[in-house]
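Here is a short report on one protein structure. Please look over the sequence and the coordinates before reading on.

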Amino acid sequence: MEILGTTLRVCVDDLETSTAFYERVTGTRALRFERGGVSVAAVGCFLLMSGPEAELEVLRKVAATIAVDDVDAAYGTLSEAGAKIVAGPLPTPVGRNLIALHPDGSVFEYVDRRQ
């Protein structure tokens, strides 16, 4: 498993205002999509999320999103190292993901861009 980068997850009340701010700060345009009733704007290394509080409560438990070259390889590496895979691999709007609970209690999302 090769780690390609990390995305910071930010839950916001006003997605439009927050997106404009992060676009200006990063100098990049947002990639927008919806997932499970949550509106998402990916801006640079930030993943802005807005939606129903019940959905955001679950999303806040994930510390960060980690980009990898292959989610299947991540699944194997994480499992062998003692992580518990709690969801996935599953398709996403831009590839696949899985959610892993690390032995220290941290929860991370791992994503790739494979379809």
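## A partly exposed strand residue

Val86 counts as partly exposed, at 47% relative accessibility. That residue sits in strand S6. The model is a predicted one. Leaving aside neighbours within four places in sequence, Val86 is in contact with Ile99, Ala100 and Leu101. The C-alpha atoms of Val86 and Ala100 are separated by 5.7 Å. Along the chain, these two residues are 14 residues apart.

Strand S6 also holds Pro89. The peptide bond from Gly88 to Pro89 is cis, with omega near 5°. For context, most peptide bonds are trans.

## The aromatic cluster

How many aromatic pairs does a search of the whole structure find? It finds two. Phe21 and Tyr22 form an edge-to-face pair. Their ring centres are 5.1 Å apart, with 90° between the planes. Tyr22 also pairs with Phe46. Here the centres are 4.7 Å apart and the planes stand at 50°, so the pair is tilted. Tilted pairs fall between the stacked cut-off, under 30 degrees, and the edge-to-face cut-off, over 60.

Tyr22 lies in helix H1 (residues 15–26), whereas Phe46 lies in strand S4 (residues 46–50). Ring pairs link Phe21, Tyr22 and Phe46 into a cluster.

Is Phe46 buried or exposed? Phe46 is buried, with a relative accessible area of 17%. Tyr22 is buried too, with a relative accessible area of 16%.

## Other residues of helix H1

Ser18 is found in H1. Its relative accessible area is 16%, so Ser18 counts as buried, the cut-off being under 20%. Leaving aside neighbours within four places in sequence, Ser18 is in contact with Val12 and Leu48.

Not counting residues up to four places away in sequence, Glu23 touches Thr28, Arg29, Ala30 and Val43.

## Helix H3 and its buried face

Which residues of helix H3 (residues 71–81) are buried? They are Val71, Ala74 and Leu78. Seen down the axis of H3, these buried residues fall within an arc of 50°, so they line one face of the helix. An α-helix has 3.6 residues a turn, so residues three or four places apart point the same way.

What do the buried residues of H3 pack against? Their partners are strand S5 (64–68), strand S6 (84–92), strand S7 (95–101) and strand S8 (107–112).

## Asp112 and Gly95

Asp112 is found in strand S8. It is buried, with a relative accessible area of 2%. Not counting residues up to four places away in sequence, Asp112 touches Val68, Asp69, Asp70, Val71, Val94, Gly95 and Arg96. One of these, Val71, is also among the buried residues of H3.

Gly95 lies in strand S7. It is buried, with a relative accessible area of 1%.

The C-alpha atoms of Gly95 and Ser18 are separated by 25 Å. Asp112 and Phe21 are 27 Å apart in space, C-alpha to C-alpha. The table lists C-alpha separations along with the spacing in sequence.

| Residues | Spacing in sequence | C-alpha separation |
|---|---|---|
| Val86 and Ala100 | 14 residues | 5.7 Å |
| Gly95 and Ser18 | 77 residues | 25 Å |
| Asp112 and Phe21 | 91 residues | 27 Å |

## The largest pocket

About 870 Å³ of space lies in the largest pocket. How many residues line the largest pocket? The lining has 38 residues. Arg9, Leu47, Thr65, Glu109 and Val111 lie nearest the pocket centre.

Which element gives the largest share of the lining? That is strand S1 (residues 3–11), with five residues. By class, the lining residues of the largest pocket divide into 22 nonpolar, nine polar and seven charged.

Definitions and conventions
Residues numbered from 1 in each chain as written. Predicted model: local features only at pLDDT ≥ 70, side-chain atom pairs only at ≥ 80, totals over all residues. Heavy atoms only, no water. 1 Å grid on protein atoms, 1.4 Å probe; cavity = no way out; pocket = protein on both sides within 12 Å on 5 of 7 lines; lining within 4 Å. Points joined across faces, edges and corners; volume = space filled by probe spheres on them. Helix = DSSP H or I, 4+ residues; strand = E, 2+ residues; numbered from the N terminus. Nonpolar A, V, L, I, M, F, W, Y, C, P; charged D, E, K, R; others polar. Phe/Tyr/Trp six-rings, centres within 6.5 Å; stacked < 30°, edge-to-face > 60°. Buried < 20%, exposed > 50% of the residue type's maximum accessible area, 1.4 Å probe, protein only. Contact = heavy atoms within 4.5 Å. Arc of directions from axis to C-beta.
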